[in-house]
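Please take the sequence and the model together, and follow the paragraphs below from the helices to the sheet and then to the side chains.

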Amino acid sequence: MDEIGAGEAAGCGDARAVPAGECEREPHPSDSLRTFGAVVQALREHAGLSRAELAVLVRYSKHTVESVELGRRMPDEAFVDRGEEALGNTGALRKASRFLTRGEAGLAAWFRRWARLERDAASLCTYECRLVPGLLQSEAYARAVFEGTIPLRTDEELEVQLAVRMERQAMLRKRPTVPFSFIVEEHVFRRRFGDTKAMHELVDHVLELTAPRNVTLQVVALEAGLHTCLDGPVQVLETSEGRRLGYSEGQQNGRLISDPKEVSLLCHRYETLRSQALNPKESRDLLERLRGEL
């Protein structure tokens, strides 16, 4: 998390020094905020203005100008309008401001864009071979995952991440007409964590979330052998406009896939794996048997 500069902290400490609302700093700067800030800085420097001089023209404090340029603060409409006038009326700031989004606590930077697409998707397909998909994790399982990651998180960070993960799951219930498809390797459910009670809760949680008609779970049995998705986990969604996008994730990175040919290949692999996995009823039966074996 970015640190507040000493000057900015001092300015916010004096209620007379800055207008109301100027001290509302973004706790989790987004990429779009940083990009907008870079545009402001480039235009300011091109105009030959210092931050203090631009601050006078836009009628905000120097610290606010600095925070916007560093991506630490969401500019309001007045800042954008006055900034346009002060920096040549190029239209760049107004156009860039349309794409501004706030940072999202509890989500990895590389996953935030996909998470936003996920919320409005017309359909979502998920293949996972490492762990139970985030949208199906029980609270205890999610907590264990976060507690075991490196670098270690503070208790506060862990609770934020846990809350965000549980909140994401709500869309399975809130969007009953959206098809959600999950294909998960059997060994994922066999991997032990916590005690028997926690394992029971995980299986029960997965069975409950995948019970509605719009949510489908298929398990790839251990006996299935090699298959089409061995390159790793993948997700594919369809937007409300009918566009298909893909997402793949690895160690400390994630990739949004928009190339139609590549997305088409991922869809073909996913559909092939559907035919190789157990059907939904067989998958539920398998999970219930696993629960009984715990």
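The buried residues of helix H3 pack against helix H2 (31-46), helix H4 (62-69) and helix H5 (77-86), where contact means heavy atoms within 4.5 Å. In H3 itself, which spans residues 51-58, the residues Leu54, Ala55 and Val58 are buried, a word used here for under 20% relative accessible area, with exposed for over 50% and partly exposed for what lies in between (1.4 Å probe, protein chains only). These three residues cover an arc of only 105 degrees around the axis, and therefore lie on the same side of H3; the arc is that of the directions from the helix axis to the C-beta atoms. Just after H3, Arg59 takes a positive phi of about 65 degrees. Helices (H or I, at least four residues) and strands (E, at least two) are DSSP runs, numbered from the N terminus.

The model is a predicted one, in which local features need pLDDT of at least 70 and side-chain atom pairs count only at pLDDT 80 or more, while totals for chains, interfaces and linings use all residues. Residues are numbered from 1 along each chain as its sequence is written, and side-chain values use heavy atoms, with hydrogens and water left out.

Turning to the sheet, six strands form an open arrangement in the order S3-S2-S1-S4-S5-S6, with mixed pairing; two strands pair if DSSP finds at least two bridges between them. Strand S3 (215-220) and strand S6 (253-257) are at the edges with a single partner strand each, so one side of each is left without a neighbour in the sheet. From one strand to the next the twist averages 15 degrees, with axes taken as lines fitted to C-alpha atoms (for helices over the stretch in contact) and angles running from 0 to 180 degrees between N-to-C directions.

Within this sheet, strand S1 (residues 123-128) and strand S4 (residues 234-238) pair in the antiparallel sense over five bridges. Ser123 belongs to S1 and stands opposite Glu238 in S4. Ser123 is buried, with a relative accessible area of 17%, and, leaving aside residues up to four places away in sequence, touches Val178, Pro179, Val236, Leu237 and Glu238. Of these, Leu237 is 114 residues from Ser123 in sequence, yet the two are 5.5 Å apart in space, C-alpha to C-alpha.

Glu238 also has a bridge partner in S5, namely Arg244, and S4 and S5 pair in the antiparallel sense over four bridges. These two strands form a hairpin with five residues between them, and Gly242 in the turn has a positive phi of about 90 degrees. S5 in turn runs antiparallel to S6, joined by five bridges, and this hairpin has two residues between its strands, with Gln252 in the turn at a positive phi of about 60 degrees.

Tyr247 stands opposite Leu256 in S6. What is the count of aromatic pairs? It comes to three, on the rule that rings of Phe, Tyr and Trp (its six-membered ring) pair if their centres lie within 6.5 Å, with planes under 30 degrees apart counted as stacked, over 60 as edge-to-face and the rest as tilted. Trp114 and Tyr247 form a stacked pair, 5.3 Å centre to centre with 20 degrees between the planes, which links Trp114 in helix H7 (residues 112-119) to Tyr247 in strand S5 (residues 244-250), 133 residues apart. Both Trp114 and Tyr247 are buried.
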